Amino acid sequence: MNHKKVYDITGFISPFCFKGYGKLSDKEKMEWNNRGFSTFHALIAAWASLYLLLFSDLFDEDSSNDLIVNRSSIISNMFLGFSIGYFLSDLAMVFWHFPALGGLEYVLHHGLSMFSISLSLMSSQGQIYILMVLFSESTTPFVNIRWYLDVAGRKSSTIYIYNGIALFFGWLIARIFLFIYFFAHMFNHFDEVKKIFPLGFYSLLTVPPVLGLMNVVWFWKIVKGLIKTISKARHRE
């Protein structure tokens, strides 16, 4: 299922889920539909990453004699290819409507993600680390729900506050704590990491710290936004 199909499906079902959809501007409808595909990819990427990392034996230390950085499978390759397709098509949408769907930070995030996933897919190396980072996409639905509620005029609703709290804890776990584990795991397996081909090795040393720093900056914005939302809710009471 490509970007255009999910985009069109979102546009088709949205009027049935949100009566005010028809009153949105063309720009808001475009972003509304685009976030539908963003949510679709996030759910698939998070589920696939969780399954491959925790429930399959692909990266189990004792399941194979292969170095953990050299392990891959047909399923992991398939999902990495799916994510490349998403980031490529979404980046094209961002450029086409720039900056309506996101600024330079989105271009940087998507560009680095696509570059790293492509290297891992072509070399079949470092996929365990790519999947760890892809699991951080699990926070995207909460980001999109917040935007949907804001556009729908529900910013003062209880569900907006609950979603903000879920986003806070989700981001803390999937984009802060997980990245700390990521770097710890890489440090403990550095003798294997050094055997990744040169471009992949140096990318692994540089790209994740940049993404991690972006996560920290965005997390700080989430914290400030949540505090502001809760404070307003208390004043209304």
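Analyst: The largest share of the lining of the largest pocket, six residues, comes from H6. Helices (H or I, at least four residues) and strands (E, at least two) are DSSP runs, numbered from the N terminus. This is a predicted model, in which local features need pLDDT of at least 70 and side-chain atom pairs count only at pLDDT 80 or more, while totals for chains, interfaces and linings use all residues. Residues are numbered from 1 along each chain as its sequence is written, and side-chain values use heavy atoms, with hydrogens and water left out.

Rolling a probe the size of a water molecule over the atoms shows where empty space is left. On a 1 Å grid over the protein atoms alone, a cavity is a set of points where a 1.4 Å probe fits but cannot get out, whereas a pocket is an open set with protein on both sides within 12 Å along at least five of seven lines; lining residues have an atom within 4 Å of a point. Grid points are joined across faces, edges and corners, and a volume is the space filled by probe spheres set on the points.

The largest pocket holds about 790 Å³ of space. It is lined by 29 residues, of which Arg35, Tyr106, Val143, Asn144 and Arg146 are the closest to its centre. Two or more lining residues come from each of helix H2 (26-55), helix H3 (74-96), helix H4 (104-123), helix H6 (140-151), helix H7 (158-188) and helix H9 (198-236). By class, this lining has eleven nonpolar, eight polar and ten charged residues. Here Ala, Val, Leu, Ile, Met, Phe, Trp, Tyr, Cys and Pro count as nonpolar, Asp, Glu, Lys and Arg as charged, and the others, Gly among them, as polar.

The second largest pocket contains about 370 Å³. Among its 17 lining residues, Thr10, Ser14, Cys17, Trp32 and Tyr148 lie nearest its centre. Helix H1 (3-17), H2 and H6 each supply at least two residues of this lining, which divides into ten nonpolar, five polar and two charged residues.
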